Amino acid sequence: MRELFLKFERGSTALATAGACAMLATAAALGLWQIVTRFVIQQPAEWTEVLIRFSLIWMVFLGIAQAFRIGAMVSVDVLYRLAGRRMRRVFDAFVALAALVLLAVIIAVGWQYALRGRVQTVIGLEDVSMFWAYLALPVGGVFAAIAVFGNWLDPKRLELETAQ
């Protein structure tokens, strides 16, 4: 069961990371397009600014899963280094629980924002609902929660191991 969950977690975190990379590439391409339209064609495309902002929001919330998975987010480095083996597992459980509580709040509140944002339209993109922007919170939160469980079951301390 543990190995099956970790396989699922690796796939979901890889998917979230690929999505975050795609959102970064989208933001960069739209930024370049905005520069071309503004300074070369001299007809600014206002819609690009809004889509860049949305892309960056999605990038952050999807990328959080990878950060949690490699142990680069919530950690107590000094205490972890000084603690014994048993106490480290206690720290791991406490950090995972704290992260999951935070992610539960982000998922719940983000979903409520997304539902309320259905009737709100985006300035510059009047046909697009704010639902799609706010949806980044619960979607990213779910990916991150899966990664937190994965890191708790199979800890990766890449941030801690590479710190000097």
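This is a predicted model: local features need pLDDT of at least 70, side-chain atom pairs count only at pLDDT 80 or more; totals for chains, interfaces and linings use all residues.
1. The next point concerns how two packed helices are described in general, namely by the angle between their axes and by the distance between the axes. For helix 1 and helix 2 the angle is about 155 degrees and the axes are 8 Å apart. Because angles over 145 degrees count as roughly antiparallel, helix 1 is roughly antiparallel to helix 2. The crossing of these two helices is left-handed, and their contact, sorted by class, has 16 nonpolar, 10 polar and 3 charged residues.

2. Between helix 1 (2-40) and helix 2 (47-69) there is a loop, and Q42 has its place in that loop. As background, most residues other than glycine have a negative phi. Q42 also counts as exposed, because its relative accessibility is 60% and the cut-off for exposed is over 50%.

3. Helix 1 also packs against helix 6, at an angle of about 135 degrees and with the axes 9 Å apart; that angle makes helix 1 oblique to helix 6. Helix 1 passes helix 6 in a left-handed crossing. From helix 1 the contact is made by R2, F5, L6, F8, E9, S12, T13, L15 and A16, and from helix 6 by F143, I146, A147, F149, G150 and L153. By class, this contact of helix 1 with helix 6 has 10 nonpolar, 3 polar and 2 charged residues.

4. At 1.5 Å a residue, the 32 residues of helix 4 should span 46 Å, and the C-alpha atoms at its ends are 47 Å apart, which agrees. In helix 4 the buried residues are F91, D92, V95, A96, A99, L103, G110 and A114. M87 also lies in helix 4, but M87 is partly exposed, with a relative accessible area of 41%. Between M87 and N151 the separation is 64 residues in sequence and 17 Å in space, C-alpha to C-alpha.

5. The last pairing is that of helix 4 (residues 85-116) with helix 6 (residues 136-153), which pack at an angle of about 165 degrees with their axes 8 Å apart. Are the two helices roughly parallel or roughly antiparallel? They are therefore roughly antiparallel to each other, and helix 4 passes helix 6 in a left-handed crossing. The contact is made by residues of helix 4 including R89, D92, A96, L103 and W111, and by residues of helix 6 including L137, P138, V148, F149 and W152. The residues of this contact of helix 4 with helix 6 divide into 16 nonpolar, 2 polar and 2 charged.

Methods
Residues are numbered from 1 along each chain as its sequence is written. Side-chain values use heavy atoms; hydrogens and water are left out. Axes are lines fitted to C-alpha atoms, for helices over the stretch in contact, and angles run from 0 to 180 degrees between N-to-C directions. Helices (H or I, at least four residues) and strands (E, at least two) are DSSP runs, numbered from the N terminus. Angles under 35 degrees count as roughly parallel, over 145 as roughly antiparallel, 65 to 115 as roughly perpendicular and the rest as oblique. A crossing is left-handed if the near helix is turned anticlockwise from the far one by less than a right angle, and right-handed if clockwise. Contact means heavy atoms within 4.5 Å. Ala, Val, Leu, Ile, Met, Phe, Trp, Tyr, Cys and Pro count as nonpolar, Asp, Glu, Lys and Arg as charged, and the others, Gly among them, as polar. The expected span of a helix is 1.5 Å times one less than its number of residues. Buried means under 20% relative accessible area, exposed over 50%, partly exposed in between (1.4 Å probe, protein chains only).
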